[in-house]
Amino acid sequence: MGDYAKALGAKLRGIRQQQGLSLHGVEQKSGGRWKAVVVGSYERGDRAVTVQKLAELADFYGVPVVELLPEGRVPSGAEPATKIVINLERLQQLPAEKVGPLARYAATIQSQRGDYNGKVLSIRTEDLRSLAIIYDMTPGELTEQLIDWGVLPPEARPAKED
């Protein structure tokens with residue numbers, strides 16, 4: 001199977017894990033409709049999933065089908081990561097007038113996820129785009145600003161194309 005199947009599988013695994021389900025938990029919750037070995041093979045990209053099965057899985061997970069699809073193309077190493085890890089400890093050390101919108105956004109995500117480890121928070125590229133609008137910057141400019149503040153590591157900087 002190719003990169004697309006692996007990316008699709010990663011999306012399936014992410015949704016399952018967000019719902020706190022193991023592969024066997026999926027089998028149990030579905031009353032045996034979804035076998036752990038089959039779902040696992042979809043997630044690894046070892047087995048092709050039909051459009052019909054994908055729609056049924058989306059229904060089972062209670063998410064729109066589009067949430068299970070990888071973005072238009074599979075990310076390469078030169079593209080920004082889909083997850084951005086914010087250093088919450090550093091965020092708390094910065095003045096509220098600088099980081100207020102980011103701190104409120106992070107607190108909202110923590111609340112929605114019930115994730116209060118207080119050290120780091122993973123956000124998606126889409127979250128960064130939303131924050132960039134709030135800060136009236138491009139996502140690239142905001143990434144640079146967050147690196148300067150020490151909230152993101154320098155590795156969060158997208159690789160430059162030659």
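This is a predicted model: local features need pLDDT of at least 70, side-chain atom pairs count only at pLDDT 80 or more; totals for chains, interfaces and linings use all residues.
1. Glutamate 43 is found in helix α3.

2. Leaving aside residues up to four places away in sequence, glutamate 43 touches Lys6, Gly9, Ala10, Leu12, Arg13, Arg16, Leu23 and Tyr61.

3. Helix α1 spans residues 3-18 and helix α3 spans residues 36-44. The two pack with their axes 6 Å apart, at an angle of about 125°. The pair is therefore oblique, since an angle has to be over 145 degrees to count as roughly antiparallel and 65 to 115 degrees to count as roughly perpendicular.

4. On the α1 side of this contact are Ala5, Lys6, Gly9, Ala10, Leu12, Arg13 and Arg16. On the α3 side are Tyr42, Glu43 and Arg44. By class, the residues of the contact divide into five charged, four nonpolar and one polar.

5. A separate item for checking is aspartate 136, in the loop between α7 (125-134) and α8 (139-149). Phi of aspartate 136 is near 55°, a positive value in a residue other than glycine.

6. Is aspartate 136 buried or exposed? Its relative accessible area is 71%, so aspartate 136 is exposed, the cut-off for that class being over 50%.

Definitions and conventions. Residues are numbered from 1 along each chain as its sequence is written. Side-chain values use heavy atoms; hydrogens and water are left out. Helices (H or I, at least four residues) and strands (E, at least two) are DSSP runs, numbered from the N terminus. Buried means under 20% relative accessible area, exposed over 50%, partly exposed in between (1.4 Å probe, protein chains only). Axes are lines fitted to C-alpha atoms, for helices over the stretch in contact, and angles run from 0 to 180 degrees between N-to-C directions. Angles under 35 degrees count as roughly parallel, over 145 as roughly antiparallel, 65 to 115 as roughly perpendicular and the rest as oblique. Contact means heavy atoms within 4.5 Å. Ala, Val, Leu, Ile, Met, Phe, Trp, Tyr, Cys and Pro count as nonpolar, Asp, Glu, Lys and Arg as charged, and the others, Gly among them, as polar.
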